[in-house]
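Please keep the sequence and the three-dimensional view at hand while reading.

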Amino acid sequence: MLINNFWDIIEKSYQGSEGIQEKQVELLKAALEEETSDTIKRYCIYLMGLLKKASTEEFWACYYLINGGYEEWGFEDFRYWVIAHGRDFWEASLANPVEHLYNNVNIKIGDNPDVTFYEFWAIFKNTYEAKSDNELNHSFEWMKVYEEVQNKEFEVEKVMRPKAHDYEN
């Protein structure tokens, strides 16, 4: 139920946003404000689990190619961007990142698209903190999963950063 509700909120906010991130943030905020702080915290924990699932070499390579290079925190924000497109887009990206993202992210030569969405994550965190009067990073459950995500990202980056120049050729 929690997972379906999470994705329902994402789907509705994406569909109502017309692809405009600022509008999606507003719609997410309105939906999250209807939830309890405990539910929002659970969404935050679930969201970290999604990031961990997509901490793969293929996903990193897709981010690198689509973004036109690497930026600090960009890989994390790229995964938020993918999640913000909804469950079907997320699951298809996770199943086959190279093919799905290649076929569904329309980029012309010379484009520098914005394929990041930090504000997506920030609205979950900020809404939780406003409703609960607690900082999310003081939650043991959240910190545990966040640390797992960070460790997985570091493993992937250790492998992929040295390979990055190969993608440019």
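## Overall shape and fold

The protein has a radius of gyration of 16 Å, which agrees with the value near 15 Å that a compact globule of 169 residues would have. This radius is taken over C-alpha atoms, and the globule rule is 2.2 Å times the number of residues to the power 0.38. The model is predicted: local features need pLDDT of at least 70, side-chain atom pairs count only at pLDDT 80 or more, and totals for chains, interfaces and linings use all residues. Residues are numbered from 1 along each chain as its sequence is written, and side-chain values use heavy atoms, with hydrogens and water left out.

Along its principal axes, the C-alpha trace spans about 50 × 35 × 25 Å. The protein contains 10 helices and 0 strands, and read along the sequence its pattern is α-α-α-α-α-α-α-α-α-α. Helices (H or I, at least four residues) and strands (E, at least two) are DSSP runs, numbered from the N terminus.

Of the 169 residues, 44% count as buried. Buried means under 20% relative accessible area, exposed means over 50%, and partly exposed lies in between (1.4 Å probe, protein chains only). A contact is a pair of heavy atoms within 4.5 Å. Among contacts between residues at least 6 apart in sequence, 74% join residues at least 24 apart.

## The nonpolar core

Which residues touch the most other members of the largest nonpolar core? Of its 48 residues, they are Phe 6, Leu 47, Phe 78, Ile 83, Phe 120, Trp 121 and Phe 124. The elements that give two or more residues to this core are α1 (2-17), α2 (21-32), α3 (37-53), α4 (57-67), α5 (74-84), α6 (87-95), α8 (118-132) and α9 (140-160). Helix α3 gives the most, with 8 residues. A nonpolar core is a set of buried Ala, Val, Leu, Ile, Met, Phe, Trp, Tyr and Cys residues joined through side-chain atoms within 4.5 Å.

Leu 47 illustrates how such a residue is surrounded. Leaving aside residues up to four places away in sequence, Leu 47 touches Phe 6, Tyr 80, Ile 83, Phe 120, Trp 121 and Phe 124.

Cys 44 is buried at a relative accessible area of 0%, and Cys 62 is buried at 7%. The structure holds 0 disulfides, a disulfide being a pair of cysteine sulfur atoms within 2.5 Å.

## The two sides of helix α6

The buried residues of α6 are Phe 89, Trp 90 and Ser 93. Because they cover an arc of only 100 degrees around the axis, they lie on the same side of α6; the arc is that of the directions from the helix axis to the C-beta atoms. What covers these buried residues includes α1, α3, α4, α5 and α7 (97-104). The face of α6 turned away from the buried side carries the exposed residues Asp 88 and Ala 95.

## Charged residues

The structure holds 8 salt bridges. A salt bridge is a side-chain nitrogen of Lys or Arg within 4 Å of a carboxyl oxygen of Asp or Glu.

| Lys | Glu | N to O distance |
|---|---|---|
| Lys 29 | Glu 33 | 4.0 Å |
| Lys 52 | Glu 148 | 3.3 Å |
| Lys 125 | Glu 129 | 3.0 Å |

Lys 52 lies in helix α3 and Glu 148 in helix α9, so this pair ties together parts that are 96 residues apart in sequence. Lys 52 is partly exposed, with a relative accessible area of 32%, and Glu 148 is also partly exposed, with 32%.

Lys 125 and Glu 129 both lie in helix α8, 4 residues apart, about one turn of the helix. Glu 129 counts as buried at 17% relative accessibility, whereas Lys 125 counts as partly exposed at 23%. In the remaining pair of the table, Lys 29 is partly exposed at 38%, and Glu 33 is partly exposed at 42%.

Is Lys 41 buried or exposed? Lys 41, found in helix α3, is buried, with a relative accessible area of 16%. Not counting residues up to four places away in sequence, Lys 41 touches Tyr 128, Leu 136, Ser 139 and Glu 141.
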